[in-house]
Amino acid sequence: MWIPIQVNENSAEPLYHQIESQLRSLIISGQIEEGTLLPSIREFANGLNCSVITVRRVYQDLESEGLLRTKQGTGTFVAKVGTSQREVFRREAVEEALNHAVDVGMSVKCEEDELRELFLSILKRKYHPEKGEGEA
């Protein structure tokens, strides 16, 4: 099975974290359905041109979160993720990203009002791309 994960070797973000966060998102969003058999650690590592150790860590981390389950001799599968659990994961993922964005803004000395205005502008642009910059 091919999993649509893109890794950026030039990113400051560790490779395992890039893979883990993308795979988590694919599972939480339902793009990879419950019960789906994932590639073996070796196959996945070869497909991503990374170490087996990296993929093993990703699988172990996601299994400890309850998103994956491994059956000895059979493989690693996407676990059942209930609606409430899916919402918790979804919210945590967005909250983590927003926390990071605020940290970046603060590190470059953006004021709270400036960050709020920028956030609202981005929301409007993403959710209503048909509206021009000058329109409300």
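Reading the labels in this structure

User: Why is Glu65 called partly exposed?
Analyst: Glu65 has a relative accessible area of 27%. The label covers values between the buried limit of under 20% and the exposed limit of over 50%. The value for Glu65 falls in between, so Glu65 is partly exposed. Keep in mind that this is a predicted model.

User: What makes Arg24 and Glu65 a salt bridge?
Analyst: The closest N and O atoms of Arg24 and Glu65 are 2.7 Å apart. The rule asks for a side-chain nitrogen of Lys or Arg within 4 Å of a carboxyl oxygen of Asp or Glu. The pair meets that rule and therefore counts as a salt bridge. Arg24 is in helix α1 (residues 15–28) and Glu65 is in the loop between α3 and β1 (68–71), so the bridge ties together parts that are 41 residues apart in sequence. Glu20, Arg24 and Glu65 are also linked in a network of salt bridges. In the whole structure, the search finds 6 salt bridges.

User: Is Arg24 buried or exposed, and how do you know?
Analyst: The relative accessible area of Arg24 is 15%. The limit for buried is under 20%, so Arg24 is buried.

User: How do you know that Glu87 and Arg90 are about one helical turn apart?
Analyst: They are 3 residues apart in helix α4, and that spacing is about one helical turn. Glu87 and Arg90 also form a salt bridge, with the closest N and O atoms 2.5 Å apart. Glu87 has 40% relative accessibility, and Arg90 has a relative accessible area of 46%. Exposed requires over 50%, and buried requires under 20%. Glu87 is therefore partly exposed, and so is Arg90.

User: Why is the pair of Phe44 and Tyr59 called tilted?
Analyst: The ring centres are 6.0 Å apart, and the planes make an angle of 35°. Ring centres within 6.5 Å count as a pair; planes under 30 degrees apart would be stacked, and planes over 60 degrees apart would be edge-to-face. Phe44 lies in helix α2 (residues 41–48) and Tyr59 in helix α3 (residues 52–64), so the pair ties together parts that are 15 residues apart in sequence. Phe44 and Tyr59 are both buried.

User: What makes Leu23 buried, and which residues does Leu23 contact?
Analyst: Leu23 has a relative accessible area of 0%, and the limit is under 20%, so Leu23 is buried. Leu23 is found in helix α1. Leaving aside neighbours within four places in sequence, the contacts of Leu23 include Ile3, Ile5, Phe44, Tyr59 and Leu62.

User: How do you know that Thr54 counts as buried?
Analyst: Thr54 has 17% relative accessibility. That value is under 20%, so the residue counts as buried. Thr54 is in helix α3 and touches Leu15, Tyr16 and Ile19, not counting residues up to four places away in sequence.

User: Where does the charged end of Arg57 sit?
Analyst: The charged end of Arg57 sits over the ring of Tyr16, 3.5 Å from its centre. The distance limit is 6 Å. The charged end of Lys71 sits over the ring of Phe77, at 5.6 Å from the centre.

User: Is Tyr127 buried or exposed, and what patch includes Tyr127?
Analyst: The relative accessible area of Tyr127 is 64%, over the 50% limit, so Tyr127 is exposed. Tyr127 lies in helix α5. Val94, Leu98, Phe119, Leu120, Leu123 and Tyr127 form a nonpolar patch on the surface, with about 580 Å² of accessible area together. The elements giving two or more residues to the patch are α4 (83–107) and α5 (112–127). Helix α5 gives the most, with 4 residues.

User: Why is Cys110 called partly exposed?
Analyst: Cys110 has a relative accessible area of 22%. Buried would need a value under 20%, and exposed a value over 50%, so Cys110 is partly exposed. Cys110 is found in the loop between α4 and α5.

Terms used
Residues are numbered from 1 along each chain as its sequence is written. This is a predicted model: local features need pLDDT of at least 70, side-chain atom pairs count only at pLDDT 80 or more; totals for chains, interfaces and linings use all residues. Side-chain values use heavy atoms; hydrogens and water are left out. Patches are made of residues with over 30% relative accessible area and no salt bridge: like charges are joined within 9 Å, nonpolar side chains (Val, Leu, Ile, Met, Phe, Trp, Tyr) within 5 Å. Accessible areas come from the Shrake-Rupley method with a 1.4 Å probe; for residues, only the protein chains shown count as cover. Buried means under 20% relative accessible area, exposed over 50%, partly exposed in between (1.4 Å probe, protein chains only). A charge sits over a ring if NZ of Lys or CZ of Arg is within 6 Å of the ring centre and within 35 degrees of the ring normal. Contact means heavy atoms within 4.5 Å.
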